[in-house]
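Reader: Before we discuss individual assignments, could you set out the terms that they rest on?

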Amino acid sequence: MDIPRIFTISESEHRIHNPFTPEKYATLGRVLRMKPGAHILDLGSGSGEMLCTWARDHGITGTGIDMSPLFTAQARRRAEELGVNDQVHFIHNDAAGYVAEEKCDVAACVGATWIAGGVAGTMALLAKSLKPGGMMLIGEPYWRQVPATEEIAQACGVSSVADFLTLPDLVASFDDRGYDLLEMVLADQEGWDRYEAAKWMTLRRWLEENPDDDFAQEVRAELTAAPKRHVTYAREYFGWGVFVLMGR
């Protein structure tokens with residue numbers, strides 16, 4: 001069980017697998033106003049930076065589920081580094097369909113709503129693990145400007161314009177599903193650049209260390225295309241944020 005290899009390689013040096021910076025996660029942790037001991041379920045927890053730093057800074061406990069064995073191992077090491085391995089627990093598993101045995105105070109899916117077919121399905125999945133009155137975190141891209149054609153959308157790296165909504169439409173969709181938007185923290189351009197550009201050095205170093213690997217041709221193609229895709233399309237068209245929701 002694993003994510004596609006290109007992501008395992010390109011994001012192997014990332015602590016955060018989305019356009020948030022450490023400062024953005026710190027802001028999000030503050031605005032949630034969590035009490036010590038609050039329990040968070042994080043589906044698609046990556047390398048565990050959110051849970052680990054919030055355990056350190058806010059005294060929360062947490063469970064993270066991720067399909068990548070590499071990222072799960074990195075999350076466990078991060079918990080040890082920060083001295084919070086008694087507060088957070090990381091499980092290598094498919095987050096799709098995962099429901100916690102005990103209800104949690106916060107249920108999160110930050111940048112992996114594909115696990116349940118999109119925002120609507122992920123909200124329905126998270127709700128199954130959430131205590132009454134608990135908060136839900138959804139991390140999701142949105143269109144800063146809607147591509148004029150399907151070709152431009154595909155050049156951004158997605159399959160269709162319909163894959164994402166504008167920010168106003170995304171916010172309206174939460175209301176339509178019976179949820180109040182309590183807070184939001186949006187990524188900025190620096191966060192996008194750090195997330196994307198950090199991949200390029202990792203890809204280049206991997207190629208230098210693995211020139212005869214059968215996967216090298218695909219890695220070379222991604223390294224060639226990714227910077228142009230980012231600066232020409234994705235950087236201009238994509239926004240990203242984490243939205244704090246509570247059911248009515």
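Author: A polar contact is a pair of N or O atoms within 3.5 Å, where within protein one atom must be able to donate a hydrogen and the other to accept it, and where residues adjacent in sequence count only if both atoms are side-chain atoms. The model is predicted, so that local features need pLDDT of at least 70 and side-chain atom pairs count only at pLDDT 80 or more, while totals for chains, interfaces and linings use all residues. Residues are numbered from 1 along each chain as its sequence is written, and side-chain values use heavy atoms, with hydrogens and water left out.

Reader: What makes the pair N18 and Y25 a polar contact?

Author: The side chains of N18 and Y25 are joined at 2.9 Å, and the cut-off is within 3.5 Å. Y25 is also among the residues that N18 touches, together with V110, Y195 and W240, leaving aside residues up to four places away in sequence; contact here means heavy atoms within 4.5 Å.

Reader: Why is N18 called buried?

Author: Its relative accessible area is 6%, and buried means under 20%, whereas exposed means over 50% and partly exposed lies in between (1.4 Å probe, protein chains only), so N18 is classed as buried.

Reader: Why is R33, by contrast, called exposed?

Author: R33 has a relative accessible area of 74%, which is over 50%, and therefore R33 counts as exposed.
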